Every structure is written in structure tokens, then in C-alpha cells.
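Morning, everyone. I have one structure to walk through today, and I will keep it short.

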Amino acid sequence: MEVKRVRVTNRKQFEHLVSRMEAHPTVAKGLKFSEASGVSQDAFVSVWKELAAGLNSLGPPIRTVKDWQKVWTDYKLKVKHKLAHNKREVNATGGGPNNMKVLSPCEEAVVEMLSLDKTVNHSGSAFGLPRRPPPSASPLVSQPSLHPSPPGSPLLSSTMRQQTISADEADQVECDRGIRDEGIENSHSPARRKRKQSNTRDVRHELLMEQTKCMQKIVEHTGDCARYARKMCKLREEEVKNRKEYLLQKEKDRKADLEYKIELLQYKKKKLDILERQYRKK
């Protein structure tokens with residue numbers, strides 16, 4: 001069994017990738033954002049070609065432009081997932097070990113460049129719902145962190161600010177979580193399942209109706225095909241019959257020709273005999 005080789009991007013390539021993206025922040029946010037910002041697609045592609053050449057010079061591994069674009073997209077998602085994980089750890093209640101993930105300097109640079117902290121720690125009303133009055137004492141405001149990060153760890157500043165979140169933002173987080181949980185429950189509710197099953201039955205019924213119509217057309221065309229096949233069979237039989245008659249007639253003609261040649265030879269033989277007798281008498 002052949003084992004697929006995994007290409008791991010080295011540290012220098014990541015550092016070069018982040019530094020070049022800091023020099024081209026519009027390109028770092030993707031093609032659509034670049035075009036909306038006035039950067040043409042040709043300029044976008046040329047930047048990536050130059051970047052891919054520089055990254056491959058620091059390899060291995062060596063990748064194409066599309067592969068390096070995928071590496072950059074996966075790297076951004078990885079950083080965003082780390083921020084979301086740290087946010088859940090800050091908002092969690094109760095004891096337990098400190099599971100917050102440390103961000104590297106390159107990852108912090110990506111967060112500052114793309115403002116990923118604002119994407120994860122968004123503020124404002126969720127789905128247009130009004131805010132509830134803030135509680136008298138919020139555990140995220142009044143109580144310090146039960147498991148502070150070790151001193152000197154390069155955590156993101158936005159993550160540290162989450163430990164002193166205001167009461168309104170804490171309430172907004174609870175509201176968002178409640179809406180998300182409610183949406184998950186609704187997606188598995190009996191009414192939702194019945195509606196989904198009904199839609200599935202409707203689709204199956206439509207497909208069966210279309211299949212029935214297609215089968216009816218096939219039956220009609222099959223009758224026509226059978227009629228044409230019978231005609232072709234009759235024509236084939238007539239052709240075979242005519243062919244046999246032609247071959248028989250040809251054989252008769254050949255036989256008659258041979259008989260004629262035999263009679264001609266006999267006639268010539270008699271003539272030679274007569275000439276020979278006459279020659280002897282002389």
C-alpha cells in the first residue's frame with residue numbers, strides 16, 4: 001500500500017508568507033475583496049506568482065500558486081479557530097484547567113492585519129433582538145480568572161481584554177448562545193423532521209411521475225421499433241431468397257456452359273478423326 005507523503009510548510013515559509021501579506025493587505029483578504037478595493041485580477045495573480053516563487057525558494061516543500069493560496073486560507077482559519085476557542089474558555093464558568101491556546105507572533109500579526117479579533121468578538125445586537133438588562137453581578141466582570149495564563153506567554157491582546165468584558169457584552173454572548181442552541185434544537189424538532197420528510201416525499205413523487213412518463217414514451221417507441229424491426233426482417237428474408245435464386249441460376253448457367261463446351265470438344269474430336277482418315281487414304 002502506497003503511503004501518501006505529507007508536505008509540511010516550514011517556519012521560514014510561514015514568516016515570509018505573513019510578511020508579504022502585511023505588505024499586500026488587500027491581497028491577503030482574497031480576490032473578491034481585492035477587486036472591490038480596485039485591484040485587478042491580473043495584479044492579484046502576479047502578486048501570488050511572485051509570492052509563490054519566494055516561498056518555493058525557501059522550501060521544501062514546493063507548491064503551486066493554488067496550493068499556496070490554500071495554505072494561506074487554512075492558516076487564517078486556524079488562527080480564527082484559536083480565537084474562538086479562547087473566547088469560549090474566557091466565557092466558561094466553573095473550575096478546571098486553563099485550556100487557552102497561545103498565539104505565535106505570526107498568528108498575532110495575521111489577527112492584527114485581518115482584524116480577526118473583531119470578527120470573533122463582535123459587538124451589537126444579534127438577529128435584531130433587544131438586549132436584556134444587565135445582571136447585578138456578572139461573573140465575567142466581578143470575578144478574576146480562575147486559571148490565569150502563565151506570565152510571559154504571548155497571548156493576543158484581544159484575548160486578554162476578554163477577561164474584563166463588560167456586563168452588556170457578557171449578556172450579548174449569552175443571548176447569542178441561546179439563539180444558537182435554539183436553532184440547533186429547532187433543526188432537530190419533530191415538525192422540522194416531518195417537513196423535511198414531506199419535502200422528500202414530494203421530490204420522490206415528482207421523480208416517479210417523470211419516470212412513469214418516460215416509461216410510457218419508451219413503450220410507445222418500442223412498438224414503433226418492433227414494427228420497423230418486422231419490416232426489416234421481411235426485407236432481409238426477401239434479400240436472402242433473391243440471393244439464393246441468383247446463386248442457383250448462376251450455377252445452372254455455369255453447368256449449361258460446361259455442357260456446351262463438352263459438346264464442342266466432342267465435335268472437334270469427330271472432325272479431327274474425319275480429317276485423319278482422309279489423310280491416311282491419300
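First, the ground rules. This is a predicted model, so local features need pLDDT of at least 70 and side-chain atom pairs count only at pLDDT 80 or more, while totals for chains, interfaces and linings use all residues. Residues are numbered from 1 along each chain as its sequence is written, and side-chain values use heavy atoms, with hydrogens and water left out.

Now the overall picture. The protein chain has 11 helices and 0 strands. Helices here are DSSP runs of H or I with at least four residues, strands are runs of E with at least two, and numbering starts at the N terminus. Of the 282 residues, 21% count as buried. Buried means under 20% relative accessible area, exposed means over 50%, and partly exposed is in between, with a 1.4 Å probe and protein chains only.

The accessible surface comes to about 21900 Å². Carbon and sulfur atoms hold 57% of that surface. The areas come from the Shrake-Rupley method with a 1.4 Å probe, and for residues only the protein chains shown count as cover.

On to contacts, meaning heavy atoms within 4.5 Å. Take those in the protein chain with a separation of 6 or more: 75% of them join residues 24 or more positions apart.

Let's look at helix α1. It has 13 residues and reaches 19 Å from first C-alpha to last, close to the 18 Å expected at 1.5 Å a residue. The expected span is 1.5 Å times one less than the number of residues. Which residues of α1 are buried? They are Q13, L17, V18 and M21. They cover an arc of only 130° around the axis, so they sit on the same side of α1. The arc is taken over the directions from the helix axis to the C-beta atoms. R11 and K12 are exposed, on the face of α1 turned away from its buried side. Cover for the buried residues of α1 includes α2, α4, α5 and α6.

Next, helix α4, residues 41-57. Its 17 residues should span 24 Å, and its end C-alpha atoms are 24 Å apart, which agrees. Buried in α4 are F44, V47, W48, L51, A52, L55 and N56. Their arc is only 160° around the axis, which puts them on the same side of α4. D42, K49, E50 and S57 are exposed on the other side of α4. What covers the buried residues of α4 includes α1 (11-23), α2 (25-28), α3 (31-36) and α5 (65-91).

Now salt bridges. The definition is a side-chain nitrogen of Lys or Arg within 4 Å of a carboxyl oxygen of Asp or Glu. By that rule there are 8.

One joins K82 and E107, at 3.1 Å, N to O. The pair links distant parts of the chain, with K82 in helix α5 and E107 in helix α6, 25 residues apart. Buried or exposed, these two? K82 is buried, at 15% relative accessibility. E107 is buried too, at 4%.

The next pair is R227 and D224, at 2.9 Å, N to O. They are 3 residues apart in helix α11, which means about one helical turn between them. R227 is partly exposed at 35%, and D224 is partly exposed at 30%.

R280 is exposed at 65%, while E276 is partly exposed at 39%.

Staying on helix α11, residues 190-281, we find L264. L264 is partly exposed, at 34%. Y260, L264 and Y267 form a nonpolar surface patch with about 350 Å² of accessible area together. Patch residues need over 30% relative accessible area and no salt bridge; like charges are joined within 9 Å, and nonpolar side chains (Val, Leu, Ile, Met, Phe, Trp, Tyr) within 5 Å.

Two last spots. E89 is in helix α5 and is partly exposed at 25%. Beyond its neighbours within four places in sequence, E89 contacts N99 and M100. The C-alpha atoms of E89 and M100 are 6.3 Å apart, at 11 residues along the chain.

Finally, S115, in the loop between α6 (105-114) and α7 (116-120). Its phi is near 55°, a positive value in a residue other than glycine. Most residues other than glycine have a negative phi. S115 is partly exposed, at 29%.
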